Amino acid sequence: MSEKTGPTRPDRYIQPSILMSLLGGESYGYEMLQQISEYGFIKGDAPPGMIYRHLRQMEEDQLVQSRWEGEGAGPARRVYAITPAGREELEAWVDYMGRQAKALSDFVARFKKAADQ
């Protein structure tokens, strides 16, 4: 497969991935980085700068909220939570992804049918 095949923007699904990682409860950046790589949208590790840039923008858009947590040993860290608006945004992403998945599945089925003839 050519390097040009497939999506050209690996960060396209970072926003829904962040929201999905927060669906189960509060989290901090490093923890989210680990979860996001499990979703399969980014090859290898997600660059920390990219996730924090998205988190800042999502906080401005009121999709997530954050607070500083300074309990325990070590430096304080910013903890993020999904907001009601973030849940709505995630639902919209999931609807979109469902439609895309169906379109892709239909395309593959059509190809297989044509290739078998």
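## Close-up views of helix packing in a predicted model

View 1. Helix α1 itself runs over residues 14-22 and is mostly covered, eight of its nine residues being buried. Those buried positions are I14, Q15, P16, S17, I18, L19, S21 and L22.

**View 2. The crossing of α1 and α2.** Helices α1 and α2 pack with their axes 9 Å apart and at an angle of about 115°, and the two are therefore roughly perpendicular to each other. The crossing is right-handed, and at the contact I14, S17, I18, S21 and L22 of α1 meet M32, Q35 and I36 of α2. By class, the residues of this contact divide into five nonpolar and three polar, with no charged residue.

**View 3. The crossing of α1 and α4.** The axes of α1 and α4 come within 10 Å and cross at roughly 125°, which makes α1 oblique to α4. In this case the crossing is left-handed. From α1 the contact is made by Q15, P16, L19 and M20, and from α4 by G86, E89, L90, W93 and M97. The contact of α1 with α4 has six nonpolar residues, two polar residues and one charged residue.

**View 4. The crossing of α2 and α3.** Helix α2, formed by residues 29-38, packs on helix α3, formed by residues 48-60, at an angle of about 110° and with the axes 10 Å apart, so that α2 is roughly perpendicular to α3. The crossing of this pair is right-handed. Residues G29, Y30, M32, L33 and I36 of α2 make the contact with P48, I51, Y52 and L55 of α3. These contact residues divide into eight nonpolar and one polar, and none of them is charged.

**View 5. The largest nonpolar core.** This core comprises 18 residues, of which I18, L19, L22, M32, I51, L55 and V64 touch the most other members. Helices α1, α2 and α3 and strand β3 each supply at least two residues of the core. Leaving aside residues up to four places away in sequence, L55 touches I18, M32, V64 and Y80. Among the residues named here, M32 and L55 also take part in the contact of α2 with α3, while I18 and M32 belong to the contact of α1 with α2. In soluble globular proteins, nonpolar side chains tend to be buried together.

**View 6. Residue Q62 in the loop between α3 and β2.** Although Q62 is not a glycine, its phi is positive, at about 60°. Most residues other than glycine have a negative phi. The position of Q62 is in the loop that joins α3 to β2, where Q62 is exposed, with a relative accessible area of 57%.

**View 7. Residue G49 in helix α3.** The glycine G49 lies within helix α3 and counts as partly exposed, at 43% relative accessibility. Between the C-alpha atoms of G49 and E31, which are 18 residues apart along the chain, the separation is 14 Å.

Technical notes:
Residues are numbered from 1 along each chain as its sequence is written. This is a predicted model: local features need pLDDT of at least 70, side-chain atom pairs count only at pLDDT 80 or more; totals for chains, interfaces and linings use all residues. Side-chain values use heavy atoms; hydrogens and water are left out. Axes are lines fitted to C-alpha atoms, for helices over the stretch in contact, and angles run from 0 to 180 degrees between N-to-C directions. Helices (H or I, at least four residues) and strands (E, at least two) are DSSP runs, numbered from the N terminus. Angles under 35 degrees count as roughly parallel, over 145 as roughly antiparallel, 65 to 115 as roughly perpendicular and the rest as oblique. A crossing is left-handed if the near helix is turned anticlockwise from the far one by less than a right angle, and right-handed if clockwise. Contact means heavy atoms within 4.5 Å. Ala, Val, Leu, Ile, Met, Phe, Trp, Tyr, Cys and Pro count as nonpolar, Asp, Glu, Lys and Arg as charged, and the others, Gly among them, as polar. Buried means under 20% relative accessible area, exposed over 50%, partly exposed in between (1.4 Å probe, protein chains only). A nonpolar core is a set of buried Ala, Val, Leu, Ile, Met, Phe, Trp, Tyr and Cys residues joined through side-chain atoms within 4.5 Å.
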